[in-house]
Amino acid sequence: MTEVAVPRPAVLVPERLRILLVEDDEGDAFLVRELLAEAGASFDLQIATSLREAQTMMRGVQCVLLDLGLPDAEGIDGLRKLLAVAGSAAVCVLTGRSDEHLGAQAVAEGAQDYLVKGQVDGVLLSRSLRYAVERKRADENTQRLREAELRQAESARLERGLLPQPLMKTTDVAVHTFYRSGRALGLLGGDFFDVVQVGYDKLHVIVGDVCGHSVDEAALGVELRVAWRALVLAGVPEEQVLAALEQVLMSERRAREVFATVAMVSLDLPGKRATVRLAGHPPPVLLSGGQAMAVTARTGIVLGVRPTPTPATDLEFTGDDWSLLMYTDGLIEGHTGAGNERLDVEGLCGLLAEPAARSVPLPALPAWLVGRAEQANGGPLADDVAMLLISRGGGR
């Protein structure tokens, strides 16, 4: 019978560590070297006789063994001075003082261990040094993770603060918003929206999309939204607002190829009419009389390519029950099956016409649409999605 060789598990070779002993007593330094040699420890040992000399030898050191009685540093004060320059190196105190209180204080200051001369053999010393290095690395990894979590939390708070609150007083219409970034771990993408009421009868709304998905596009989207709000509040004529917004885009973008699409609507609430301006953006969808139809509006070119006036289209509302859905193309660019067909505007209108859509409360309708679009797409939508749903009366 042929014997089958069973592979033996690989033996891990201990990492060779570079140790710096800070000790002014030659006899004690010799003893430490002998203890490590006796244990067969894979260490490279260097010796410094003062704290000043040690400070010049820290490069590449993984662990420092520090005596607390040096010519230029004494006790805990010397430990503090060494910790200030130790960087990523672990620090172990090796002293002749068998003082539990001092040991606890040394560890509290940042030392990884407290060892007493004459109470350690080679094996214990070698093990203590390796454990100290691993504890230091674990502490640094924990600190880096904590810092990353804090930065992420701070970024999330900042991004949430940059999402707008509709600036409106009217109760004639209700505004429901939806926003989701397509950027991994991001709350804010290049899409933006805003709502501003001027006087008692005018409501201005905008939805826009800066091309790209990075933080640069997210920042530019915020700049454009803030600029648009300022222009509207300043009373700039409607036909001049997008031209001014384009100037901001062209001066603030990081590259010439960056552009933005925009849908802007100015609603005359008492007059039951609106003016729609589309700069390369998909048209709003009007829900009225139990139907969902895309607004037939003239479309201008995107902002940032060739400054051109954006054409205006007048929209009349019939009755007191309607909704106007404004959105970015991230909602309609998902697939609708195994082929390359997209949801597109026609598919969006189809979703809104479904009997199930009519039973969804208006505030939840944008999120429902995203869910249905993802269901058709077979997974999450890849792009940012921003939506505004302006509703009057029953809303449909």
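Mentor: The order β8-β18-β17-β13-β14 describes an open sheet of 5 strands with antiparallel pairing. Strands here are DSSP runs of E with at least two residues, and helices are runs of H or I with at least four residues, both numbered from the N terminus; two strands pair if DSSP finds at least two bridges between them. β8 (173–180) and β14 (291–294) are the edge strands, and each has a single partner strand, so one side of each is left without a neighbour in the sheet. From one strand to the next, the twist averages 15°.

This is a predicted model, in which local features need pLDDT of at least 70 and side-chain atom pairs count only at pLDDT 80 or more, while totals for chains, interfaces and linings use all residues. Residues are numbered from 1 along each chain as its sequence is written, and side-chain values use heavy atoms, with hydrogens and water left out.

Within the sheet, β17 (residues 322–327) and β18 (residues 385–392) run antiparallel and are joined by 6 bridges. Ser 323 is placed opposite Ser 391 of β18.

Two helices lie across these strands. Helix α10 (residues 365–377) lies across β8, β13, β17 and β18, at about 135° to β18. Contact means heavy atoms within 4.5 Å; axes are lines fitted to C-alpha atoms, for helices over the stretch in contact, and angles run from 0 to 180 degrees between N-to-C directions.
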